[in-house]
Amino acid sequence: MGIREFPGGAPRGKSIAVGMRRSPDVSPRRLSDISPQLRQLKYLVVDEAIKEDLKWSRSVEDLTSGPVGLTSIEERILRITGYYGYQPWAASYKREERPRDSPGPAEAQAPAGAEAGGRTSHRCWRCSRAQLKKIFWGVAVVLCVCSSWAGSTQLAKLTFRKFDAPFTLTWFATNWNFLFFPLYYVGHVCKSAEKQSVKQRYRECCRFFGDNGLTLKVFFTKAAPFGVLWTLTNYLYLHAIKKINTTDVSVLFCCNKAFVFLLSWIVLRDRFMGVRIVAAILAIAGIVMMTYADGFHSHSVIGIALVVGSASMSALYKVLFKLLLGSAKFGEAALFLSILGVFNILFITCIPVILYFTKVEYWSSFDDIPWGNLCGFSVLLLTFNIVLNFGIAVTYPTLMSVGIVLSVPVNAVVDHYTSKIVFNGVRVIAIIIIGLGFLLLLLPEEWDVWLIKLLTRLKVRKKEETAEGAADPGSGPQSKNRRARPSFAR
């Protein structure tokens, strides 16, 4: 039978002995000019039946032989294809001609294994340190969100005892939004390696509004509507604090998460999720039960309507922002919030003046204004918005949302000692239902897939443990005698 020549001069056929030796100095060529489709051979699985039929084939025989096995995709491809005169006997020759006094497999692989184990453990330690750091920052962010939100709510309630002007308080606190971009620039100068001037950073962040930057048209079409929604959200929330206790206000405001989902599903065509529909139903049921908790009095109904309106304005703000502007980076978000402060100063200032002269929100003299409470409320609200917008840089977004829910029990404890709130069964159930709905809305979109994978892993692990228990050594005669021997130790 003749010998068939392949490209590169590699002979192929049964007449060539597989055990034939050649010089080990001949090395295979590289795969630089082989088609990229050969990369798929990395995942090639040779069936047992094919192995049996082709057992005389050099490629399959070399593929399955050898104590070490294939270690690289290049070697595997060249063995299977026989391309470019590759000579697998060279590798086997090197393996067979090793000196006998070399260390055994365990001894030879011990240093490499130890080194690899050290690298793996170091990498795992580094990952665990990074995760611990992120969790630590997450706890700090949660506490900051919870304390600032609960503190601003309680301080607003305390302010209204001396200064009954919710819209003026809203206007005063919104003016502090102007500090967002300056504070961001300070952080940029401290942390960024490439420091830019204020003008350069401003121009770069203005690209968020389009190629022309922040023009007058963009200001009135893309910034002014959000300034109005921002003012309405805060005003309705503060006005609701005048009518009902802070516990009910804080828990009802958590419904904005359900409103965001419903609006996103309708307007943005977001993915439908049954668990979020259930959460929205729970939020609506909690609102109804909260209204029933005080017996449908006009005072409480108005307060609940105000805080539900505030949550609706907040949800509309978030959905419209995503629809019209998309997602923003940290600098762009800081600039946008500073622009809202400028809009508030330029165009909303006239409203508190009108309310003052019409005596809707009137105070006798400026000396009677509790400036400490106003500034404290503004600082806490500014801190809350800063952490909520920029906390994602150091921790997970879900943890920041958890801080808002945790403000509910904090307000409940404060109300229990400072007001005449009655925690009857209906109010407690309403709080639990709304909180549960809020937590359900924090579930990621792929939560069901993750749950199925987790259950599958647990089932596989249980089967492996059962198999290991059944295959434990102890079925031998010695083990049987040892088990049958009674123990007289007391």
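## Basis

Contact here means heavy atoms within 4.5 Å. This is a predicted model: local features need pLDDT of at least 70, side-chain atom pairs count only at pLDDT 80 or more, and totals for chains, interfaces and linings use all residues. Residues are numbered from 1 along each chain as its sequence is written, and side-chain values use heavy atoms, without hydrogens and water.

## Ser 401

Ser 401 sits in helix H17, residues 397-418. Its relative accessible area is 12%, so Ser 401 is buried (under 20%; exposed is over 50%, partly exposed in between; 1.4 Å probe, protein chains only). Beyond its neighbours within four places in sequence, Ser 401 touches Lys 257, Phe 438 and Leu 442.

## Whole chain

The protein chain has 20 helices and two strands. These are DSSP runs, numbered from the N terminus: helices are H or I with at least four residues, strands E with at least two. Of the 490 residues, 37% are buried. Among contacts with a separation of 6 or more, 80% join residues 24 or more positions apart.

## Nonpolar patch

Phe 178, Leu 179, Leu 183, Leu 216, Phe 220, Ile 345, Leu 346 and Phe 347 form a nonpolar surface patch of about 770 Å². Two or more residues each come from helix H9 (216-243) and helix H14 (330-348). H14 gives the largest share, three residues. Patch residues have over 30% relative accessible area and no salt bridge, with nonpolar side chains (Val, Leu, Ile, Met, Phe, Trp, Tyr) joined within 5 Å and like charges within 9 Å. A salt bridge puts a side-chain nitrogen of Lys or Arg within 4 Å of a carboxyl oxygen of Asp or Glu. Areas come from the Shrake-Rupley method with a 1.4 Å probe; for residues, only the protein chains shown count as cover.

Ile 345 lies in H14. Its relative accessibility is 39%, so Ile 345 counts as partly exposed.
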